[in-house]
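This report describes the core of a model and the elements packed around that core. Please look at the sequence and structure below before reading on.

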Amino acid sequence: MEVQAITKNINTSAQKMREVVRQIQGMPALKASAVLAFMPGKRAAIVAKTLKSAIANAENNNSLKPEALNVKLAVAGNAQTFKRFQPKARGSAGPILRRHCHVKIVLSDE
C-alpha cells in the first residue's frame, strides 16, 4: 500500500531541493528520517517534516507500521515563480526570479 505527503510552495528552488530528496530515495523511512536529522540547512528540515507527515499518514489512516515503510518516491517539482524587477543602469530593469517548489514523498510497505 502506498501513502503520500505533499508540501507545497516552499520558498526555495526545486533544483536545490532535489539535492536533498535524492539522498533519501529508496531508503527505509526511519533511516531516512535519521539521515535528514543530521543534514544541515532548512531544506533538510522541510523534507524531514514532509517525511514525518507521510509516516503519520501511514500509521493513522492505514494502520501501517513505520518499521515496514520504505521511501518509494521523493520528488521536488517546480511551483510558481514570483517575478520582480531590480533597477539597473540607464533606466533599465533587471529581472529577479523568486522560485518555489513542491515536495512529494511516497512511502510503500512493499
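## Core and sheet

In this predicted model, the largest nonpolar core holds 27 residues, and V47, L51, I105 and L107 have the most contacts inside it. A nonpolar core is a set of buried Ala, Val, Leu, Ile, Met, Phe, Trp, Tyr and Cys residues joined through side-chain atoms within 4.5 Å; buried means under 20% relative accessible area, with a 1.4 Å probe and protein chains only. At least two residues of this core come from each of strand 1, helix 1, helix 2 (29-37), helix 3, strand 2 and strand 3. Helix 3 gives the largest share, six residues. Helices (H or I, at least four residues) and strands (E, at least two) are DSSP runs numbered from the N terminus.

I105 touches V3, Q4, A5, I24, V47, T50, L51, A54, V71, L73 and A74, leaving aside residues up to four places away in sequence. Contact means heavy atoms within 4.5 Å.

The three strands make an open antiparallel sheet in the order 1-3-2. Strand 1 (2-10) and strand 2 (70-87) are at the edges with a single partner strand each, so one side of each has no neighbour in the sheet. Two strands pair if DSSP finds at least two bridges between them. Strand 1 and strand 3 (residues 93-108) are joined by seven bridges, and Q4 is opposite V106 in strand 3.

Two helices lie across strand 1, strand 2 and strand 3, as listed here.

| Helix | Residues | Angle |
|---|---|---|
| Helix 1 | residues 14-24 | about 165° to strand 2 |
| Helix 3 | residues 42-62 | about 145° to strand 1 |

Angles run from 0 to 180 degrees between N-to-C directions, with axes fitted to C-alpha atoms, for helices over the stretch in contact.

Residues are numbered from 1 along each chain as its sequence is written, and side-chain values use heavy atoms, without hydrogens and water. As the model is predicted, local features need pLDDT of at least 70 and side-chain atom pairs count only at pLDDT 80 or more, while totals for chains, interfaces and linings use all residues.

Technical notes: Buried means under 20% relative accessible area, exposed over 50%, partly exposed in between (1.4 Å probe, protein chains only).
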